[in-house]
Amino acid sequence: MSIKGRACIVGAYEHPTRKAEDKSVAQLHAEVAKGALEDAGLTRADVDGYFCAGDAPGLGPMSMVDYMGLKVRHVDSTDTGGSSYLIHVSHAAQAIALGKCNVALVTLAGRPRSEGSSGTQPRSWGANLPDAPFEAPYGIVTANSYAMVAARHMHEYGTTSEQLAWVKVAASHHAQHNPHAMLKDVVTVKEVLDSPVIADPLHRMDCCVVSDGGGAVILARPEIAKSLKRPVVTLIGAGEAPKGQAGGKLTLTTSGASRSGPAAFAEAGVKPADIQYVSIYDSFTITVVVQLEDLGFCKKGEGGRFVADGNLISGSGKLPFNTDGGGLCNNHPANRGGMTKIIEAVRQLRGEAHPKVQVKNCGLALAQGTGGQLGTRHTSSTLILERN
Amino acid sequence: MLLSKDRKIPAPSVNPENKPYFDAASQGKLLIRKCAACGEFHHYPRSICPHCFSDKTAWHDAKGVGIVYTCSVLRRGAPEPYCIAYVTLDEGVSMLTNIVDCDLDAVKIGMKVRVLFKPTDGGPPVPMFTPA
């Protein structure tokens, strides 16, 4: 049994806030849920499935279902960090295909900016995490974890800081058209390289922003999708793949996208060359390079050359990516970038991206996320979406 | 030239499964885990082998030497810059660690390193590495 064509994304909403000092996290979840329902033309009473991850306050879905007054018969709180929401879309399609729900709501929200979060701070470790005693003493943080991936990629494949900078440059070209983007200024390769080094070899502009906000998507069975007054965006393939340290036999320059990608392409029955737009999780510039390689948009090791010279810029490059400005320029709500990747892919397929970055006749898009850290352990998720 | 400085190192959380590793660290010894069923080393240590899932695993004294697999100096956001790295031990497995007591600007992938132990804040010492 495949999920191909079994569920459609009928609602998508991105919270416009980037700093929410005056709101609670639960409130942000409810606001994005309301926004997505209005976008879809559905009401709260239509929702019979709810999906959330660790950013939702409380134990799994319990508090948020109660807070929002949902009446659902299916819940799922799979948490794989920033890729959770892509996995939720896939799991929602499975639940819809099995008749466990008809209309599934997925929400993400958080306010790390107001709470003073940064990518150079140690994270909190659970008391029983088996890996923590062997990692926490060494000061592993988000930035130096990804920096080690970048350093190894440069060592193995000759990737350069200039090539990585092109990822940020492309994102900034898109962000200039997004009125909500945190960073709207177009930047040059030189400006990226001149920004301070945070963790060798990554500069400040290689790192994503810290922002408040959130987003939500709603999935429904195709009959419902066709009855609504919105363009129909159908999930046709999905894959998910955790990847870790393999007992110390490291392959740090390869991500789980090397497995989630082929699984999604096989289910969808399409290949990388067919994809017209990609949303690629951009926690750091290196994250994009590694995932593009692993998804098969170029050969392993050629990602640096692939992203250089504006190849990811919509309108001029061969593979337009993150046309909202992505995590590097637009937002990274709850320090989890997966939801906004889905939302911009839906905008592109609906033809509702900003006219300056809209891909012409966009019929096939891919959304890719990695949650956790590429430098230690992470989970990749890939979605392939089609306009009908 | 960026000479490393000692920093306050968070104590590892010791549990019944990893206690022998940290007890050995207190004696200045680096242990790694080996599986008698598949013959493979692994790190971080587990009672059940992550390669073949056998429970025939045992502690072995590591030689304590290896090469830097990858590294990064965190230069912002911490009280002092420090170098995080994965070191691939002679036994073939890589471990997360810090490269210390050296010029941090000179740490490179492929560099030969040897183990030493640094005290933690209220816990057992942890293995780190310095250029050999």
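**Close-up views of a predicted model**

**View 1. Helices α8(A) and α9(A) pack against each other.** Helix α8 (residues 257-268) of chain A meets α9(A) at an angle of about 45°, with the axes 8 Å apart. Helices are DSSP runs of H or I with at least four residues, strands are runs of E with at least two, and both are numbered from the N terminus. Axes are lines fitted to C-alpha atoms, for helices over the stretch in contact, and angles run from 0 to 180 degrees between N-to-C directions. α8(A) and α9(A) are therefore oblique to each other; under 35 degrees counts as roughly parallel, over 145 as roughly antiparallel, 65 to 115 as roughly perpendicular and the rest as oblique. Their crossing is right-handed (near helix turned clockwise from the far one by less than a right angle; anticlockwise is left-handed). A257(A), S258(A) and G261(A) of α8(A) contact Q291(A), D294(A) and L295(A) of α9(A). Contact means C-beta atoms, placed from the backbone, within 7 Å. This is a predicted model: local features need pLDDT of at least 70, side-chain atom pairs need 80 or more, and totals for chains, interfaces and linings use all residues. Residues are numbered from 1 along each chain as its sequence is written, and chains are lettered from A and ligands numbered from 1 in the order written.

**View 2. α4(A) crosses α9(A).** Helix α4 (residues 142-157) and helix α9 (residues 285-295) of chain A pack at about 55°, axes 9 Å apart. The two are therefore oblique. The crossing is left-handed. From α4(A) come Y146(A), V149(A), A150(A) and H153(A); from α9(A), I286(A), T287(A), V289(A) and V290(A).

**View 3. α9(A) is mostly covered.** Of its 11 residues, 11 are buried, V288(A) and E293(A) among them. Buried means 20 or more other C-beta atoms within 10 Å of the residue's own, exposed 12 or fewer, partly exposed in between. G296(A) follows the helix, with a positive phi near 95°.

**View 4. I218(A) in the largest nonpolar core.** This core has 157 residues, and I218(A) and L219(A) have the most contacts inside it. Such a core joins buried Ala, Val, Leu, Ile, Met, Phe, Trp, Tyr and Cys residues through C-beta atoms within 7 Å. Residues touched by I218(A) include V10(A), A36(A), L42(A) and V103(A).

**View 5. Chain B touches chain A.** Here 33 residues of chain B contact 32 of chain A. β4 (65-74), β5 (82-89) and β6 (94-99) of chain B each supply at least two residues of that side of chain B. β4(B) gives the largest share, six residues.

Definitions and conventions
Two residues are in contact if their C-beta atoms, placed from the backbone, lie within 7 Å. Lists of a residue's contacts leave out its neighbours within four places in sequence.
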